[in-house]
Amino acid sequence: MKLTTNPLEPLTVLPGTSALVLDSPHSGTLYPEDFGHAVALTVLRVAEDTGVEALWGFAPDIGATLVHASFPRSYIDANRALEDIDPLLLDAPWTGPLHDGPKVRLGKGLVWRLLDDGTPIYQRRLSPSEVTHRIDACWRPYHAALEAAIDTAVARHGYVIHLNCHSMPAVSAAYSTNHPGLRHADFVIGDRDGTTADPRLTRFVERFLLGHGYTVSVNHPYKGVEIVRRHGRPAEQRLSLQLEVNKRLYMDEQTLDRHEGFALAQAALRELAEALSGLDPRRLQDPGSVLADA
Ligand SMILES: [Zn+2]
């Protein structure tokens with residue numbers, strides 16, 4: 001099979017100067033010719049975090065950096081570890097390390113086997129070299145660009161606030177999490193149970209969104225995956241949060257078109273990003289309970 005990803009620019013960086021770095025790993029819509037999927041593109045596109053890079057597109061206007069993927073997450077998922085390989089997808093053994101984690105068991109490893117509703121993406125098996133190509137053409141450049149943006153912010157400011165930006169369906173599908181049928185809150189903040197960011201920052205974002213009338217869940221059912229795990233090192237003042245926006249706030253999940261809520265959601269996110277840009281996380285107050293502060 002001819003591998004044609006290389007001419008594709010795998011990502012875009014909109015550089016900023018502040019200590020706020022945003023990244024959108026799942027909103028890419030450039031489907032490489034060598035994908036070889038069996039499902040219709042309209043079905044495959046449901047896997048996207050469609051429009052998330054546009055939702056946060058104001059980033060350079062407020063001095064923040066935005067890194068966003070061009071490749072679709074169903075081609076290779078930048079929010080998975082390199083060992084999250086699904087052996088059921090391959091036509092030959094994988095020679096590198098393998099990790100049989102929960103995402104792989106859902107058919108949603110580094111390269112997805114199934115869509116959220118359980119539909120198989122391929123009617124074939126992929127060769128290990130095909131997967132290696134996707135890693136080298138997309139996954140590695142994406143993580144390198146994000147790491148460079150984070151390193152630059154830390155060098156300039158002594159810390160970074162990194163928001164890993166996603167969107168989620170209004171209702172969890174059968175294979176999207178281990179909680180099928182769950183009606184998602186407006187926002188889900190993930191810090192992998194306090195390990196990828198200072199809990200005071202998590203609480204700050206939670207309070208901000210609650211204060212704007214949104215419903216918020218923390219670490220459930222999304223606690224953050226590979227990107228915040230890899231780049232969030234709070235002991236080194238590298239604070240990473242995953243933020244899931246409910247798609248119903250800004251788009252029609254059937255047509256993938258933005259709806260009239262987009263501007264409102266974007267205005268709230270811009271306000272949040274501005275608040276985070278002016279925040280030195282080393283000076284945050286201790287987290288109290290939201291109820292005690294109400
Ligand atoms: Zn996502």
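Strands S1 (11–14), S2 (20–24), S3 (65–69), S4 (160–168) and S7 (238–246), together with helix H6 (226–231), are among the elements that cover the buried residues of H4. Helices (H or I, at least four residues) and strands (E, at least two) are DSSP runs, numbered from the N terminus. This is a predicted model: local features need pLDDT of at least 70, side-chain atom pairs count only at pLDDT 80 or more, and totals for chains, interfaces and linings use all residues. Residues are numbered from 1 along each chain as its sequence is written.

H4 spans residues 128–157. Its 30 residues reach 41 Å from first C-alpha to last, close to the 44 Å expected (1.5 Å times one less than the number of residues). The helix bends by about 40° at Ile135, the angle being between axes fitted to the seven residues ending there and the seven starting there. Gly158 follows H4, with a positive phi near 85°.

Which residues of H4 are buried? They include Trp139, Tyr142, Leu146, Ala149, Ile150 and Ala153. Buried means 20 or more other C-beta atoms within 10 Å of the residue's own, with C-beta atoms placed from the backbone.

The largest nonpolar core has 65 residues. H4 gives the largest share, 9 residues. Such a core is a set of buried Ala, Val, Leu, Ile, Met, Phe, Trp, Tyr and Cys residues joined through C-beta atoms within 7 Å. Val21 is one of the members that touch the most others. Not counting residues up to four places away in sequence, Val21 touches Ala149, Ile150 and Ala153, among others; contact means C-beta atoms, placed from the backbone, within 7 Å.

How values were computed:
A residue is buried if 20 or more other C-beta atoms lie within 10 Å of its own, exposed if 12 or fewer, and partly exposed in between; C-beta atoms are placed from the backbone. Two residues are in contact if their C-beta atoms, placed from the backbone, lie within 7 Å.
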